Amino acid sequence: MYEKCIKALGGTPLSKEEYWEMKRANVSWDKLLPLSGLSIDEKDAYLKLFIDRIESQEELGADELFKDSLRTLEQLRANDNKLYLLSLRRNANALDWQIEHLGIRHLFEKILSGHSDTKEGTLLKKADIVRQTVDNPSEVVIIGDTEADIAAAQQLGATSIALMSGIRNEEFLSAMQPNYLVDGIGDVNNIKL
C-alpha cells in the first residue's frame, strides 16, 4: 500500500524491507515521506490516500488471519473468556465487512471501533472504549501489536500481551513495558494468567 501511494504522488518508495524496518520501529511519516521523495507538505494528501486505500474492501479482502489466530481465539472462547475485538479503524462499516469476510464474528461478544486523529488521542481512545464496555476494566487482558494496546492496558491497570508479529518490532514494544511480549497470537495460550 505504501508503495502504491508514494508512486501515485510522484515519489520513489523505499524498498519493502527498508519501509517495514522503519515502520515497525515507529519512524514517523515526517521522516519516512522525505526519504520517499515527498515533501512534508504532501503528508496530508499521502495520509488521505493511504487511509482510503488501506480501509477499502479490496485491500481488507486481501488480509488473512495470522497462523494460529483462529485456533487461539477458539481456545480462549472455549475457556469461558469473553472476547472483544477493538480496532481504531476509521471506517466501522469496512471493519464489520472484514470481520464477516474472515469468518470470526461469532468468536467475539462485541466488535468495537473508534478513532482519534492525534497520537495522544489514540493512546487514550482504547482505554476509554474498554471502560465504556466492560464492568471491571482492570480484569481485562489486552492483546495487541501496537503501543495503543499496551498503553490502554496500563491506563486500566489491566494485563497487556504484546505481539511481535504485527506492526511494531520487539525493541519498540519492549520499551513500552507490556506484561508479556510474545512472538505471535499462537503463543498467547501458553501464558498462565
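**Notebook: a predicted protein chain**

I began with alanine 153, which touches Ile142, Ala158, Thr159 and Ser160, not counting residues up to four places away in sequence; contact here means heavy atoms within 4.5 Å. I noted that the model is predicted, that local features need pLDDT of at least 70 and side-chain atom pairs pLDDT 80 or more, and that totals for chains, interfaces and linings use all residues. Residues are numbered from 1 along each chain as its sequence is written, and side-chain values use heavy atoms, with hydrogens and water left out.

**Alanine 153, continued**

I located alanine 153 in helix 9 (residues 147-156). Helices (H or I, at least four residues) and strands (E, at least two) are DSSP runs, numbered from the N terminus. Is alanine 153 buried or exposed? I recorded a relative accessibility of 0%, so alanine 153 counts as buried. The classes are buried under 20% relative accessible area, exposed over 50% and partly exposed in between, with a 1.4 Å probe and protein chains only. I also looked up valine 130, 23 residues away along the chain, and found 9.4 Å between its C-alpha atom and that of alanine 153.

**Whole chain**

I counted 10 helices and five strands in the protein chain. The radius of gyration is 17 Å, which agrees with the value near 16 Å that a compact globule of 193 residues would have. This radius is taken over C-alpha atoms, and the globule rule is 2.2 Å times the number of residues to the power 0.38. Along the principal axes, the C-alpha atoms fill a box of roughly 50 × 35 × 30 Å.

I noted that 40% of the 193 residues are buried. Among contacts with a separation of 6 or more, 53% join residues 24 or more positions apart. The accessible surface comes to about 11200 Å², and carbon and sulfur atoms own 47% of that surface; the areas come from the Shrake-Rupley method with a 1.4 Å probe, and for residues only the protein chains shown count as cover.

Beyond four places in sequence, leucine 85 touches Leu95, Ile99, Ile104, Phe108, Lys110, Ile111 and Leu112.

**Loops**

I placed glycine 11 in the loop between helix 1 (2-8) and helix 2. Glycine 11 counts as buried because its relative accessibility is 13%. Leaving aside neighbours within four places, glycine 11 is in contact with Ile6, Ser36, Gly37 and Leu38. The C-alpha atoms of glycine 11 and leucine 38 are separated by 5.5 Å, although the two are 27 residues apart along the chain.

I checked two residues other than glycine with positive phi. Asparagine 26, with phi near 65 degrees, sits in the loop between helix 2 (16-24) and helix 3 (29-35). Glutamine 177, with phi near 60 degrees, lies between helix 10 (170-175) and strand 5 (180-182), and is exposed at a relative accessible area of 62%.

Last, I looked up aspartate 80, in the loop between helix 6 and strand 1 (84-87). Aspartate 80 is exposed, with a relative accessible area of 72%.
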